[in-house]
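Please open the structure in your viewer and keep the selection panel at hand.

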Amino acid sequence: MRVNWKVALSAVGITALGIQAAATPALAQNNQSGYVQRTYRKPVTFKQYLSDHPKIKSATVGAGVGTAAGAVTGLVTGRGVLRGAAVGAGTGAGVGLIRSSNILSRHPIVRDLATGAAVGGGLGWAGGRTGGTVGKSAAVGGAVGLGIGMLKHL
C-alpha cells in the first residue's frame, strides 16, 4: 500500500492548525470595523491579592511584626540583629496563622495559649544560646498565654 505524502502532510497541517486555534486566547471581534481584538485580564495589585488571600495577609503582617521584635531581641541579647530578625519573621508568620485560624477561632483560650507558646519560643530562640532556652521560654509563654486567655474569656 502506497501512502500519498501530500494528503498525509495536509491532514497533519490541518490538525495542527485546529489545535493551535483551540489553544489561542479568547478573541473578540468588533462588528463595526471587523478587526479582531485580544481580551486580557487587568493586572492584580498587591492589595487585591492580599484581600483575596487572608491567610497570606495574616502571615505577612505577622512576619513583619516578628521581624521587628526578633531584631530588637537579637540586639539586646547580643546574638545578632539579622539572626533575631530571621527567627522573628518565621515565628511572626506562625503567630499570624495561629491568630487567623478558623478552627482556633472557636477555641479562644487554646488560641491564646498557642500564641503565647509560639511568641515565647521565638523570643527564646532569637535571644538564647542553647536549645533548652527555647523550650523553657515557650513553656513560660504558653503559661502567660493561658493566663491571658482565662482572664479574657472566662
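Select Thr73 to begin; this residue belongs to helix H3. Helices (H or I, at least four residues) and strands (E, at least two) are DSSP runs, numbered from the N terminus. The model is a predicted one, in which local features need pLDDT of at least 70 and side-chain atom pairs count only at pLDDT 80 or more, while totals for chains, interfaces and linings use all residues. Residues are numbered from 1 along each chain as its sequence is written, and side-chain values use heavy atoms, with hydrogens and water left out.

Is Thr73 buried or exposed? Its relative accessible area is 16%, so Thr73 is buried. Here buried means under 20% relative accessible area, exposed over 50%, and partly exposed in between (1.4 Å probe, protein chains only). Now display the neighbours of Thr73: leaving aside residues up to four places away in sequence, Thr73 touches Leu123, Ala126 and Gly127. A contact of this kind requires heavy atoms within 4.5 Å.

**The pair H3 and H6**

Next, select helices H3 and H6 together. Two packed helices are described by the angle between their axes and the distance between the axes. H3 and H6 pack at an angle of about 40 degrees, and their axes are 8 Å apart. The axes are lines fitted to C-alpha atoms, for helices over the stretch in contact, and angles run from 0 to 180 degrees between N-to-C directions. H3 and H6 are therefore oblique to each other; angles under 35 degrees count as roughly parallel, over 145 as roughly antiparallel, 65 to 115 as roughly perpendicular and the rest as oblique. Sorted by class, the contact of H3 with H6 has 2 nonpolar, 5 polar and no charged residues. In this scheme Ala, Val, Leu, Ile, Met, Phe, Trp, Tyr, Cys and Pro count as nonpolar, Asp, Glu, Lys and Arg as charged, and the others, Gly among them, as polar.

**Gly78**

Move on to Gly78, which is found in the loop between helix H3 (54–77) and H4. Gly78 has 55% relative accessibility and counts as exposed.

Side chains of opposite charge can pair when their charged atoms come close. A salt bridge is a side-chain nitrogen of Lys or Arg within 4 Å of a carboxyl oxygen of Asp or Glu, and the count comes to 2 salt bridges.

Select Asp112 and Arg99, whose closest N and O atoms are 2.9 Å apart in a salt bridge. Asp112 lies in helix H6 (residues 108–127) and Arg99 in helix H4 (residues 81–99), so this pair ties together parts that are 13 residues apart in sequence. Asp112 is buried, at 5% relative accessibility, whereas Arg99 is partly exposed, at 34%.

Which side chain meets Asp112 in a salt bridge at 3.8 Å, N to O? Lys152 does. Because Asp112 lies in helix H6 and Lys152 in helix H7 (residues 131–153), the pair ties together parts that are 40 residues apart in sequence. Lys152 is exposed, with a relative accessible area of 51%. Finally, select Arg99, Asp112 and Lys152 together: salt bridges that share partners join them into one network.
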